[in-house]
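Here's a quick tour of a protein model, written for someone who likes the cut-offs spelled out. Have a look at the fold first, then read on.

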Amino acid sequence: MAHTVDRRGFFTLTGGALGALALTHLPDASAAELDPAPFTLGVASGEPDHTSVVLWTRLAPDPLDAATGGMPARPVAVRWSVARDEGFRHVIASGEVTAEPAAAHTVHVLVGDLAPDSWYWYRFEVDGTRSRTGRTRTLPAPGAKPDRLRFAFVSCQSWVGGPYPAYRDLAGQDLDFVVHLGDYIYETAGGSLAEFRRLHALYKTSPDLRAAHARFPFFLTWDDHEVQNNYAGAVAGGAGDGRPFLERRANGYQAYYEHLPMRPQQRPDGPDALMYRRMDFGRLARFSILDTRQYRSDQALGDGRKQPSGEVYDPARTMTGPAQERWLLDGLAASKATWNVIAQQTIMAQFDYDLGPGQIVNLDQWDGYPPARARILGFIAEEKPSNPVVLSGDWHTHWVNDLKTDFGDPASPTIATEFVGTSISSGAGWDADVRQGLPANPHVKFYNGSYRGYVLCDVTPQRWRSDLRIVLNARDAASPAYTLAAFEVRDGVPGAQRVDGGDGLAGRVTDQATGAPLVNVEITVSDTAGTVLTSTTTDPAGDYITFVPPGTYTVSANGVGYDPAARASAIRANGRTTVDFPLNRATAGARTGRLVPGPQSEASTSDIVLSNDMLALAVSAVTNDPQLTGVTAGKPLDLAAVGHLDQIDWINLPYASAAQPRGGSAWQQRTVRSTAVEITSPTTVRASGASVAIPDIEVITTFGIATGRRWVSAESVFTNRGTTEHTLWVGDVLDHDGAGQRSGVAGHGTITASAPADFTPARPWIGMTGSDRQTYGLVYDDTAFLAYACGIWVMSQRRITLAPGEAFTLRRRIVAADNGGATDPFALLDDLG
């Protein structure tokens with residue numbers, strides 16, 4: 001039997017909820033008025049067809065009470081009503097449903113007998129308290145030929161990423177519905193049902209998310225974070241809290257169903273739920289909504305970004321499971337729709353992170369399941385369903401991709417288009433890695449990872465348009481929104497074409513003398529106080545795009561091998577502002593006040609940069625790296641070749657150890673402390689100090705740069721200023737933190753092992769490289785040293801004995817160069833040896 005609950009009790013409990021929310025994203029007063037207790041989590045609708053729709057709410061006067069939501073442990077009667085008008089003058093359906101404590105007092109109402117292609121308004125009531133009014137709609141009737149469809153697709157809304165200004169912008173659009181492609185919540189270590197319920201409630205305390213749900217019906221599917229990051233079928237993606245994984249999955253699925261407007265067919269049965277389904281918007285568009293988590297094979301090779309091999313190519317491995325794959329292909333074959341949409345989670349297009357002859361791919365995406373992808377794309381190529389479009393999420397960045405049956409051949413036919421939407425709020429720490437890899441992936445027609453947002457789609461029988469919407473700052477609830485770019489697919493013509501330059505600041509960076517476009521030039525925008533507001537880098541065409549609010553700014557361009565440039569620019573409120581930079585090749589010099597651009601860059605403008613037309617190297621004058629506490633000064637921090645970004649962590653050059661470095665921490669030699677770092681001529685820098693382990697050993701390192709060279713010379717003089725003889729180990733360490741990092745030792749090829757080992761170099765160099773086709777090296781005068789290396793760092797070790805007053809000089813060249821994608825990325829170091 002359902003009970004009513006005293007209204008005063010609801011409002012008393014609500015105060016506790018708002019007190020907890022003050023620590024997170026505090027809703028404003030208007031949001032509290034729209035969603036009074038017990039309807040603090042708002043209302044929602046979803047899964048419409050042409051005659052019915054699901055309505056949802058949850059009774060939760062204290063939404064962050066993980067155990068009860070502030071509700072008594074008894075059923076509660078909830079009234080619902082649906083009207084043709086917002087004022088509810090024409091109520092066409094109403095009834096009563098019971099909110100059960102076993103379902104966290106959530107309710108799902110499947111309202112039927114509705115007119116096709118019609119808008120409706122709905123609300124709930126408990127004990128005289130009404131919810132806000134929601135708006136929803138039905139789809140066109142089967143066989144109908146609507147002339148337009150407008151919808152948005154979204155994904156990845158980590159709570160810690162910000163208060164959802166992207167949803168605020170979305171809620172103000174004129175849409176028919178929203179498609180959510182997964183990562184509605186982000187799991188914690190705890191996998192209990194109460195914890196998943198708490199997370200769903202927490203996320204819905206966002207007034208902007210509630211507004212979007214109240215304004216449009218949603219179609220939803222999950223990805224991994226609704227249960228556990230990178231889980232695959234029945235295989236856990238991490239350690240969790242020790243409970244059996246399928247129990248965690250059942251809890252995640254249950255809370256997901258409870259808190260979203262899902263149909264009864266989607267109600268989970270323990271750890272199983274039927275999520276893949278079809279939706280037809282008349283004859284205009286058919287949507288096949290996939291579940292690529294519940295049935296997939298475990299990620300190959302231990303997951304991550306790796307060179308694909310072996311089991312990756314096993315045709316039995318699957319993203320969808322055989323039944324769902326067959327269902328998808330049968331649906332495409334039978335479709336009479338003008339547009340055939342596959343709405344799913346992870347990027348379908350191939351993306352190779354390695355600019356060289358090898359390949360590095362993300363094994364959690366379709367790249368980790370190439371036979372399964374080939375079956376789907378091969379079917380599309382052969383059966384030619386009308387206008388296939390793939391919608392994807394997961395990777396927190398905006399993409400427009402040509403889909404092909406042969407991604408290795410840029411000239412192969414494009415058979416479909418993929419739009420990948422950036423995240424609502426989740427960050428993209430891999431943005432730089434993707435940007436570095438773009439030249440190896442010409443089928444990627446557009447990429448931007450700087451901003452959060454969503455994709456707005458406007459579809460007619462003649463064309464499909466996708467506007468890539470972004471907000472400037474996901475952590476600012478009032479952040480303005482813009483169109484980053486707009487792309488269009490024409491009926492019968494696979495592949496998207498850009499049709500609108502979008503808003504914001506854009507331009508091209510070129511070589512002043514040749515006009516050639518310059519890749520990987522860092523563009524920064526600073527306000528009048530000198531604060532950097534945003535930064536980005538140029539793509540292979542020399543183009544960049546970024547966003548700042550209207551106003552006057554300083555726009556700066558900084559590329560390795562070129563003199564930096566800056567200019568004042570007024571950014572317009574609407575439309576594109578263009579600032580181009582023709583840059584002059586740099587002459588050799590040592591200077592403060594500039595940086596080496598790149599994702600790993602550590603130096604500040606107070607440190608010293610040695611640069612020429614070929615490379616740039618930053619030497620610490622003031623910056624202190626926590627991995628080299630107290631001894632960072634005088635050591636190289638950043639290094640990049642022309643056309644590249646810094647990918648080095650730092651170079652521990654030199655060290656002077658009393659004992660031979662051994663073990664996994666051998667690279668972390670804190671044994672030379674420089675007390676003075678100074679520019680001694682226009683092209684030289686000197687670091688003066690002593691060995692920490694043996695204070696009698698004075699260490700002076702001089703760095704020099706000259707025009708036209710791919711290296712910085714480095715000469716370290718170790719002098720025994722004491723009265724007794726000392727034996728010590730000296731040398732240097734290369735530590736590379738970019739994507740695809742691997743070491744090289746002359747005569748031993750590429751080193752990938754996780755445990756360090758000794759190698760006798762055949763020639764006088766050690767090196768490191770990554771996926772960006774850039775090789776770093778230390779080239780010595782001779783081979784009188786031992787190399788000690790693992791896959792992620794490499795060091796030289798040389799044993800010397802110094803009598804009182806005696807000195808030893810260690811000379812090497814610090815190299816950064818483009819290896820041209822050679823099979824052996826270290827071969828260029830032989831030319832310098």
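## Nonpolar core

A nonpolar core here is a set of buried Ala, Val, Leu, Ile, Met, Phe, Trp, Tyr and Cys residues joined through side-chain atoms within 4.5 Å; buried means under 20% relative accessible area, with a 1.4 Å probe and protein chains only. The largest such core has 46 residues, and Leu-639, Phe-703 and Ile-814 have the most contacts inside it. Strand E37 (residues 648-657) gives the largest share of this core, 4 residues. Strands (E, at least two residues) and helices (H or I, at least four) are DSSP runs, numbered from the N terminus.

## Ground rules

This is a predicted model: local features need pLDDT of at least 70 and side-chain atom pairs pLDDT 80 or more, while totals for chains, interfaces and linings use all residues. Residues are numbered from 1 along each chain as its sequence is written, and side-chain values use heavy atoms, leaving out hydrogens and water.

## The open sheet

Ten strands form an open sheet with mixed pairing, in the order E5-E2-E1-E11-E10-E9-E21-E22-E23-E24. Its edge strands, E5 (106-111) and E24 (493-500), each pair on one side only; pairing takes at least two DSSP bridges between two strands. Strand E23 (residues 481-490) runs antiparallel to E24 over 4 bridges, and Ala-486 has Asp-500 in E24 as its bridge partner.

## Cysteines

How many disulfides (cysteine sulfur pairs within 2.5 Å) are there? The count is 0. Cys-156 is in no disulfide, as the nearest cysteine sulfur, that of Cys-457, is 16 Å away, too far for a bond. Cys-156 is buried at 0% relative accessibility, and Cys-457 is buried with a relative accessible area of 0%.

Methods
A disulfide is a pair of cysteine sulfur atoms within 2.5 Å. Buried means under 20% relative accessible area, exposed over 50%, partly exposed in between (1.4 Å probe, protein chains only).
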